[in-house]
Amino acid sequence: MVSHTVPDTTPETGSETSAPIAMFRGRPITELPHDLYIPPDALEVILEAFEGPLDLLLYLIRRHNLDILDIPIAEVTEQYMAYIDLLQGLRLDLAAEYLAMAAVLAEIKSRMLLPRPAAGAEPEADPRAELIRRLQEYERYKDAAAGIDALPRLEREVHPVMVAFPDRQVRRPEPVVGLAALGRAYVEVLLAAERYVHHHITREPLSVRERMVLVLGRLAEAPYTAFTQLFTVDEGRRGVVVAFLAILELLRESLIEVVQSEPQGPIYVKAAA
Amino acid sequence: MSPEEIKPIIEAALMVAGEPLGVDRLAALFGEDDGIHAEVEQALATLREDYAERGIELREVAQGFRFQTRPGLAPWLNRLWEEKPPRYSHALLETLAIIAYRQPVTRGDIEDLRGVVLGTGMLKTLLEREWIRVVGHREVPGRPAVYATTPKFLDYFNLRTLSELPPLPETLPIEAPEEVAPSAPAAAQGEMELPDVVVGEVAEG
């Protein structure tokens, strides 16, 4: 915090040479109060305020209402150097461009001091011309940047209108699971488990191979046997199934033949020839 | 399809698309009919009038048409969000301005103009935002990359073409400054340093 009261100095006095380094309550502060502690990092803020030596020079010229086309080079150089000295006294790693510009200013200043060539000789170009051209060119783009910044833009003046299209964002609502539903699900699992027990296939006590031998024996006794007679109904469902599987297996192995004399007529089984 | 049928489809498409839609993409919604382009353009013109008095406007930017809030409403609308709108540094805006008005330019061109070395990440930031892109390399030693702005840059700044950028301020001639005063404002309005070729090329891609 700036607690030190700085006397009001008006820029019109003309005698002041150092650039204001800050504004305090609307008044420019041109020199640092002696008892003011400035943390080293804070000075980056001062330097950051200028986008380089051209920006700083432009500031000095505009600040003092100087004509950019007829820069009083001695005055500007003095102010520029005062600023650089201030920064260098407090911050060591001043950007090299600032120092390079100081050299340019010093060179122009010295050339301005040289006597003009006598009339009739080739008129020498204004040593300031190149600097003025650069300053003007820089100022154009500095203004252009402000122009772009002032354009209405997204995220600030303009927001695109978006309507959500729900079908494209598939979001299925999670079903609410009640206790009753949970109970029903549990009962279903229990029923399924029971069915599983009932339908569990245990090892067949009557082997198909065994029955195949039996069938062949029957056919050896009676070569022409009715299909139905190969089954023993009192063996139950399982016995019937095993007998049928045995007949099919024998057929596949071409050991028996199944014949039918007429459509819908009785089926007979006989041993293969 | 009749214009009455086309208009609501275009209106809805622009709202749900999530990005600006050009006439070609809008026409593609209606198949291959001859003359559909003209009908789409007619519908867009009618829509623009329909929204003339609303808080939303139909605006054409580089990549097509989009519905957007009216710029004048921003002071109220921005209260909807806690974050402030993003601000961009002078350095970034100056760099962007030089690329926009002088494209195609190299990093060296930008540094010459600004009189400072570009901070690390400056161009990277602009590239990442897709406001600029590398459009080639200059055939000089080092083959530096040449940068130009993108349609996305124009979209962001609410522009249709580069020619809609504010005119680049004219400089006063160094010689004979006393003659400039009366004629300068007129000259400053008309001229802009943007070759038409560059404008067309950038708007296309």
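Two residues are in contact if their C-beta atoms, placed from the backbone, lie within 7 Å. By that rule, A:Ile148 is in contact with B:Leu93, B:Leu96, B:Ala97, B:Ala100 and B:Phe157, leaving aside its neighbours within four places in sequence. The model is predicted. In it, 37 residues of chain A are in contact with 37 residues of chain B.

**Where the chains meet**

- On the side of chain A that touches chain B, two elements give two or more residues: helix H2 (53-63) and helix H5 (129-150) of chain A.
- H5(A) provides the largest share of that side, with 16 residues.
- By residue type, the side of chain A that touches chain B has 20 nonpolar, 4 polar and 13 charged residues.

**The nonpolar cores**

- The largest nonpolar core holds 46 residues.
- Six of its residues touch the most other members: A:Ile148, B:Leu96, B:Ala97, B:Ile98, B:Ile99 and B:Ala100.
- From chain A, the elements that give two or more residues to this core are H2, helix H3 (73-90), helix H4 (96-113) and H5.
- From chain B, they are helix H5 (90-102), helix H6 (107-114), strand S5 (145-149) and helix H8 (151-156).
- H5(B) gives this core its largest share, 8 residues.

- Chain A has an open sheet of 3 strands, in the order S3-S5-S4, with antiparallel pairing.
- Strand S3 (224-226) and strand S4 (256-260) of chain A stand at the edges. Each has a single partner strand, so one side of each is left without a neighbour in the sheet.
- Neighbouring strands of this sheet are turned by 30° against each other on average, direction ignored.
- S3(A) pairs with strand S5 (residues 267-271) of chain A over 3 bridges, in the antiparallel sense.
- To see where these strands face each other, find A:Thr225, which stands opposite A:Val269 in S5(A).
- Helix H7 (residues 208-221) of chain A lies across S3, S4 and S5 of chain A. This helix runs at about 90° to S5(A).

**The sheet in chain B**

- In chain B, 3 strands form an open sheet in the order S3-S5-S4, and the pairing is antiparallel.
- S3 and S4 of chain B stand at the edges. Each has a single partner strand, so one side of each is left without a neighbour in the sheet.
- Strand S3 (residues 105-106) of chain B pairs with S5(B) over 2 bridges, in the antiparallel sense. Here B:Thr106 stands opposite B:Val146 in S5(B).
- Strand S4 (residues 132-137) of chain B is joined to S5(B) by 5 bridges, and the two run antiparallel.
- B:Ile132 stands opposite B:Thr149 in S5(B). The bridge partner of B:Val134 in S5(B) is B:Tyr147.
- H5(B) lies across S3, S4 and S5 of chain B, running at about 90° to S5(B).

**Chain B overall**

- The secondary structure of chain B comes to 10 helices and 5 strands.
- Chain B has 205 residues, and buried residues make up 27% of them.
- Take the contacts in chain B between residues at least 6 apart in sequence: 53% of these join residues at least 24 apart.

Conventions: Residues numbered from 1 in each chain as written. Chains lettered and ligands numbered in written order. Predicted model: local features only at pLDDT ≥ 70, side-chain atom pairs only at ≥ 80, totals over all residues. Helix = DSSP H or I, 4+ residues; strand = E, 2+ residues; numbered from the N terminus. Nonpolar A, V, L, I, M, F, W, Y, C, P; charged D, E, K, R; others polar. Core = buried A, V, L, I, M, F, W, Y, C linked by C-beta atoms within 7 Å. Buried ≥ 20, exposed ≤ 12 C-beta atoms within 10 Å, placed from the backbone. Pairing = 2+ DSSP bridges. Axes fitted to C-alpha atoms, helices over the stretch in contact; angles between N-to-C directions.
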